[in-house]
Amino acid sequence: MRLIGLAGWSGAGKTTLLARLIPVLGARGIAVSTVKHAHHAFDIDQPGKDSHTHRQAGARQVLISSANRWALMSELRGAPEPPLTELLRKLDPVDLVIVEGFKRDSHPKIEVFRAATGKPWLHPEDPAIRAAATDTPATSWRPPAPRWARPRPTTATASPCSPCWPACRWRRMTLASCPTAPAPPPRRCARPPPATTCC
């Protein structure tokens, strides 16, 4: 399963972004699950319900099921909180898991930043943050270099394809389909893999 996280301070808009993103991904045929980190005292059960009574009586796990959904509640009862890697193993396989919270973990993340929170950016202290979603000009944003990036060609060796070489390499585009390459068919890139593949 692919994994991406949304990291940001409370009130930055992580849940709002997630609620808009999931329908878009679903419309493209991408199956999505989410993992949400919550405060210590959260509870999805309701006092007075049978399942709540079972837990209060000491049941370690309570599984509640209906025709529409089922939920499994596990009581830690003093045991340490499971790490994200263990929680992910409890999910059914999907195309993408989006994690909200767990901002101190090392999985790839998008920082959600809103100036009105009055909080600082997280990315200067977290190398796992790869992008930002913000309502303000990200003047302090310094995106990390892609893992597959190489130094750009010098002026002397620059090719028509050089402005788009990361996208071409990422998408395995041929030079003929390179969006910034001029027609007729451009020269090969200065940093050649196979002759028909851009950078």
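**Exercise 1. Contacts and fold**

Among contacts in the chain between residues at least 6 apart in sequence, what share joins residues at least 24 apart?

*Solution.* Start with the source. This is a predicted model: local features need pLDDT of at least 70, side-chain atom pairs count only at pLDDT 80 or more, and totals for chains, interfaces and linings use all residues. Residues are numbered from 1 along each chain as its sequence is written, and side-chain values use heavy atoms, with hydrogens and water left out.

The share is 45%.

Then list the elements. The chain has four helices and seven strands. Helices (H or I, at least four residues) and strands (E, at least two) are DSSP runs, numbered from the N terminus. Their order along the sequence is β-α-β-α-β-β-α-β-β-β-α.

Last, take burial. Buried means under 20% relative accessible area, exposed over 50%, and partly exposed in between (1.4 Å probe, protein chains only). Of the 199 residues in the chain, 27% are buried.

**Exercise 2. The largest pocket**

Describe the lining of the largest pocket by element and by residue class.

*Solution.* Define the search. On a 1 Å grid over the protein atoms alone, a pocket is an open set of points with protein on both sides within 12 Å along at least five of seven lines; lining residues have an atom within 4 Å of a point. Grid points are joined across faces, edges and corners, and a volume is the space filled by probe spheres set on the points.

The largest pocket has a volume of about 1,400 Å³. Its lining holds 30 residues, with F42, L72, M73, S74 and L87 nearest the centre. β2 (32–36), β4 (70–74) and α3 (84–88) each supply at least two of the lining residues. β4 gives the most, with five.

Sort by class: 15 nonpolar, seven polar and eight charged.

**Exercise 3. A buried serine**

Is S51 buried or exposed, and which residues does it contact?

*Solution.* S51 belongs to helix α2 (residues 50–56). Its relative accessible area is 7%, so S51 is buried. Beyond its neighbours within four places in sequence, S51 touches D45, V62, I64 and M73.

**Exercise 4. Positive phi**

Locate R77 and F102, and give the phi of each.

*Solution.* Recall the background. Most residues other than glycine have a negative phi.

R77 lies in the loop between β4 and α3. At 48% relative accessible area, R77 is partly exposed.

F102 also has a positive phi, near 50 degrees. Its loop runs between β5 (96–100) and β6 (109–113). F102 is buried, at 11% relative accessible area.

Notes
On a 1 Å grid over the protein atoms alone, a cavity is a set of points where a 1.4 Å probe fits but cannot get out, and a pocket is an open set with protein on both sides within 12 Å along at least five of seven lines; lining residues have an atom within 4 Å of a point. Ala, Val, Leu, Ile, Met, Phe, Trp, Tyr, Cys and Pro count as nonpolar, Asp, Glu, Lys and Arg as charged, and the others, Gly among them, as polar. Contact means heavy atoms within 4.5 Å.
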